[in-house]
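Good morning, and thank you for making time for this presentation.

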Amino acid sequence: MNAYVKSTIENGIGTIEFFHPQSNSMPSSQLKNLVEEINNLGKNDNAKVIILKSAGEKAFCAGASFDELISIKDFETGKTFFSGFANVINAMRKSPKLIIARIHGKAVGGGVGIACAADYTFATESASVKLSELAVGIGPFVIGPVVERKIGTSSFAQLAINATEFYSAEWAQEKSMYQDVYETPEEMDAEINLLAEKLAQSSQDAMTKLKEVFWKGTDDWDQLLTERAAVSGQLVLSEFTVNAINQFKKK
């Protein structure tokens, strides 16, 4: 199956689903399409709330596309690529609609950023998390602000420094990355639908104002995340990173 990002609206609930055959990783085209769908549903009066999910039964999102990372040969290309993740986070932050994330499996790198950028995040017990960036000589710079905002500096540092280890869904819930964790996807989906149906009947103006309260203090993130993308765009050119990514791809 080819990669896609698609959205639907039913009974006031907008759903965005993305898929990539390589563990739902994110090349630039996928990031751009995701931003477009978030913005479109944000403007559509028929969608009162947004559910963000990925397809498949294994990984929720493996983060950056290693195939695209290894092809980056200059700073501007690198900055542009990492700005794709910045644009997704900022689109989620600025959307007037509350966004519910459905994390059914492992989340790595940018996938953790998406989980933290949602306004309410559901997960299964298999949805462990890892920030692997330091292991390949980069660092979670672009997603750092949203992860740190959600789970605190100490827990963010733990994830960022111990970059080869997965942390359990239970750990992520304890740190407030996940609000609710369920044993099976079926149990999780039932609860997601219940909440989404309630929100679809709620006041849109009240939900939008509430979201503004949640995201107070992030007005500088358009600039901040662009600056962070520049840091990653420079580091990805290093010999260390090129060698590390090649080693990861061989596994």
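Ile13 stands opposite Val49, which lies in strand E3. Helices (H or I, at least four residues) and strands (E, at least two) are DSSP runs, numbered from the N terminus. Before I continue, a word on the source: this is a predicted model, in which local features need pLDDT of at least 70, side-chain atom pairs count only at pLDDT 80 or more, and totals for chains, interfaces and linings use all residues. Residues are numbered from 1 along each chain as its sequence is written, and side-chain values use heavy atoms, with hydrogens and water left out.

E2 and E3 run parallel and are joined by six bridges. Two strands are said to pair if DSSP finds at least two bridges between them. E1 and E2, by contrast, run antiparallel, with seven bridges between them. Within that pairing, Ile9 has Gly14 in E2 as its bridge partner. E1 and E2 form a hairpin with two residues between them, and Asn11 in the turn has a positive phi of about 55 degrees.

Axes here are lines fitted to C-alpha atoms, for helices over the stretch in contact, and angles run from 0 to 180 degrees between N-to-C directions.

Not counting residues up to four places away in sequence, Leu195 touches Ile100, Tyr120 and Phe122. Leu195 and Val49 are 146 residues apart along the chain, and their C-alpha atoms are separated by 9.8 Å.

I turn now to a pair of helices. The axes of H3 and helix H4 (residues 110-117) come within 9 Å and cross at roughly 10 degrees. H3 and H4 are therefore roughly parallel to each other, a term for angles under 35 degrees; angles over 145 count as roughly antiparallel, 65 to 115 as roughly perpendicular and the rest as oblique. On the H3 side, Phe85, Val88, Ile89 and Met92 meet Gly110, Ile114 and Ala117 of H4. The residues of this contact divide into six nonpolar, one polar and no charged. In this scheme, Ala, Val, Leu, Ile, Met, Phe, Trp, Tyr, Cys and Pro count as nonpolar, Asp, Glu, Lys and Arg as charged, and the others, Gly among them, as polar.

Finally, the pockets. A pocket is an open set of points on a 1 Å grid over the protein atoms alone, where a 1.4 Å probe fits, with protein on both sides within 12 Å along at least five of seven lines; lining residues have an atom within 4 Å of a point. Grid points are joined across faces, edges and corners, and a volume is the space filled by probe spheres set on the points.

The largest pocket holds about 690 Å³ of space. Among its 32 lining residues, Ala62, Gly63, Ala64, Phe66 and Val108 are the closest to its centre. H2 gives the most to this lining, with three residues. By class, the lining of the largest pocket has 17 nonpolar, 10 polar and five charged residues.

The second largest pocket has a volume of about 240 Å³. H8 supplies the largest share of its lining, four residues.

Conventions
Contact means heavy atoms within 4.5 Å.
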